[in-house]
Amino acid sequence: MAEESIGRGYLLSAGGIHTGKSFANGVHPEDFKHLTRDIAIERLPFPDKVVLPLSQHLGGPSKSLVAVDDYVYRGQPIAESTGFVSSPLHSSLTGTVTAIELHHHASGNMTEAIVIEKDASSPQALFAQHSIDWHSMEPSDVVAMIGSAGFVGLGGAAFPTHVKLTIPEGKNARFFIVNAAECEPYLNSDYRILLEKKEAIFEGIRIYLKALGAEKAYIGIESNKQDAALQLQTSMPADLPCEIVLLETKYPQGAEKMLIEAVFQREVPSGKLPIDVETVVNNVGTVAGVGELFLFGQPLIERVVTVTGPGIQRPTNLMVPIGTLLQDVVEHCGGIHPDTRQILFGGPMMGSAQRFLDVPIMKGTSGVLFLTDDKVVHREEYPCIRCQRCIDACPVFLNPSRLGSLAKARLYEEMVDYHIMDCMECAACSFVCPSNIPLVQRFRVAKGLLREQQKREAAKA
Amino acid sequence: MSSAPHPDLLVTTSPFVKDPTDTRWIMWQVNLALFPVAAAAIWFYGLAGLLIMVASCAGAMAMEWLALNRSANMPGGLGDGSAFLTGLLLALTLPPGIPLWMAFAGGAISIGLGKAVFGGIGGNMFNPALVGRAFLQAAFPVAMTTWGPVSGANRFFSAPEALFALPMMSPEVDGMSMATPLSNWYFDGLAADFSSLIFGSTTGSLGEAAGLIILVCGLYLAVRNVINWRIPAAMIFSIAALGFLLNQIDPAVYPRPEFHLFAGGFMLGAFFMATDPVTSPLTQKGCWIFGVGAGIMILVIRQFGGLPEGVMYAILLMNAATPLIDRMTQARTFGSERAERFTR
């Protein structure tokens, strides 16, 4: 691979690689990516059991298609979607359904899940293993195929992919952005996919362009992964209308609207969606997964998970069957360090803390982070000294200091005047606050209450 | 089927990482940046300077301690460095011959009336050190305008007698009272030599001694992102631009702009007083307005007002305007054309 000259963290016109800018504001947390950066994706042996929650995507929970004692094959649909914004579910193991019951869920609730025990004698081959020729398909059929394969955003939000790919009447998707920013500290799943699944990514991009009717694709990659960007650039097919945009390493670069601003220097209007600026954004893992769906016929039944942090004995990047229990992952990685105090699903900026070791890895679980006692943040709140750090951090230009004092006084309606509903809960404000004020934590509460109130008022009217 | 919760796991909400900068660090950074300024004051005024600083800090910290102990709701603590900072800043605005008990009282008033009555750190509207100074100025106008000489003979160990005056006993006016560069210009039209202004051999308050040291220390804070550089930049720009214009009109009445920058308390005010985050605007645009307003007001008071110096009143007045400036300068939100007007 040719070494390109690199200036100030950007590639200066290295072939087709764009010199990327960034969005305004944001924060620079220490990235801790070195823990698993150079570890190739390793396949987790099939666990004895998987637990597949019916609700692991945004939207309506799926509805079970199987009953206890049914024999299911790996890749076979086991639950159907229950509306447009919903997603079906496929078995990640060949084996027997042993229960459909309430089970611990990463959200902290108990939710309904299908439990499948492995058939030890099965080779765990795919249910329907064949490539699909998308070239002759109608775009709407491609979208339907992606939806029926259970694809959701693998970056963490788990928004059903077919919904994103369905362009509303009167709108037009000219551009497609592959989100490989991976701005969360610790996580490397997207980085490893960039390095190891180039063909699937390129195939996926072609499929997305066809499904969207879009003219051009962009791949947004942060400068701390410029080796991956260069490799991708070198192996990119000449006929693929795709440009790589190297971005400044900054959180929350991977937020859709921030990424669009970074790539196009264009803001998505407040309250609108990326499609309103003729753009669709999807995570690189999802794109590679869609590529593999058409190459090998594999629905969404496994994903790359970065297992990392000072609390796990053997940090690594794992290909994990969806539904694998956290304890099986822990066991495979050599166990937990005795000082471990927090286990997170996702990255440390937006992830969620887990209390049980029997929660299953889900479609949206990009990483599992084990934090030891000395890394756990203990927030002792101090009064706001109006230092402006939160204002400089907020990527959507809110005034978190003011919003924070309103939230503390429970003046939720006044928070609407200060545009609290534009907050995307990226947590940059809480990250920088020198007074340790739980800003985003209070904003979540405020937004939840305001939404409830809106619903009540809508019901009355 | 489901197992028991893992006993050692702590469940909180994101973010799970935190920038290491905390409020305590910010306050102590400002204190740290003031130490060279304080050292210069001691160099020029000897023991007297040190004693005034000790008295003022003691007054401020005693009142902070009292307030913290008398109110269960008052946040903060002596260790955060904010009361010490207030005391130190106040001392640097005091004349070198002020009776120690006044410095102590000024420190106590700074915290008491300037901060504690507003609910402690973060709640105050006005810069506490300047509230203390305004109090002293009103209560003891003579002592506050009696300036001892710089670099007096044997200065390290001979403090002016007035320093040890008893409370409420009228201090003897120091026989060696001198005119400051500002009062020289104001009353007699005499311009000070520029090098003495920046290197500190002019008469004045403790912290007015060396403009250059304050400038360097202030720049350190700006580079470390402890203070908002826009405020001193706007103040310097506005007073220099306006001073230049006036000087062009009539150099006999209006001194050159660099005189305004380095005479009196301008540098200390611009870098250490106006930049107090609690009492300056939250928005970046607001900080520009705040700085320009303060700069213009200082010049107007110096040239057209009834006092030779206007830094204190200018900053206090801009402090009062801060909530209004904040409301008028809310940034537009991402993806909207411009900021909406606020109804409440």
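The following questions and answers go through some features of this predicted model and the reasoning behind the words used for them.

User: What makes A:A427 buried rather than exposed?

Analyst: A residue is called buried if 20 or more other C-beta atoms lie within 10 Å of its own. A:A427 has 28 other C-beta atoms within 10 Å, so it is buried. This residue is found in the loop between α11 (412-417) and α12 (428-432) of chain A, and its phi is near 75°, a positive value in a residue other than glycine.

User: Why is A:N25 called partly exposed?

Analyst: The term covers what falls between the buried cut-off of 20 or more neighbours and the exposed cut-off of 12 or fewer. A:N25 has 19 C-beta neighbours inside 10 Å and therefore counts as partly exposed. A:N25 sits in the loop between β3 (18-19) and β4 of chain A, and it too is a residue other than glycine with a positive phi, here near 65°.

User: Why is strand β17 of chain A described as largely enclosed?

Analyst: Strand β17(A) covers residues 316-321, and because five of these six residues are buried, the strand is largely enclosed by the rest of the structure.

User: How do you know that β17(A) pairs with β16 of chain A, and in which sense do they run?

Analyst: Pairing requires at least two bridges between the strands. Six bridges join β16 (residues 302-308) of chain A to β17(A), and the two run antiparallel. Within this pairing, A:V305 stands opposite A:L318.

User: What makes β4 of chain A a partner of β17(A) as well?

Analyst: Strand β4 (residues 42-43) of chain A is joined to β17(A) over two bridges, in the parallel sense, and since at least two bridges are needed, they count as paired. Here A:E42 is the residue that stands opposite A:L318.

User: In chain B, what makes the side of domain 1 that touches domain 2 mostly nonpolar, and which helix gives the most to it?

Analyst: Chain B is divided into domain 1 (23-178) and domain 2 (197-326), and the contact takes 34 residues from domain 1 and 29 residues from domain 2. On the domain 1 side, α1 (23-70), α2 (82-92) and α4 (128-139) of chain B each supply at least two residues, with α1(B) giving the most, 13 residues. The residues of this side divide into 26 nonpolar, seven polar and one charged.

Methods: Residues numbered from 1 in each chain as written. Chains lettered and ligands numbered in written order. Predicted model: local features only at pLDDT ≥ 70, side-chain atom pairs only at ≥ 80, totals over all residues. Domains from an automatic or database assignment. Contact = placed C-beta atoms within 7 Å. Helix = DSSP H or I, 4+ residues; strand = E, 2+ residues; numbered from the N terminus. Nonpolar A, V, L, I, M, F, W, Y, C, P; charged D, E, K, R; others polar.
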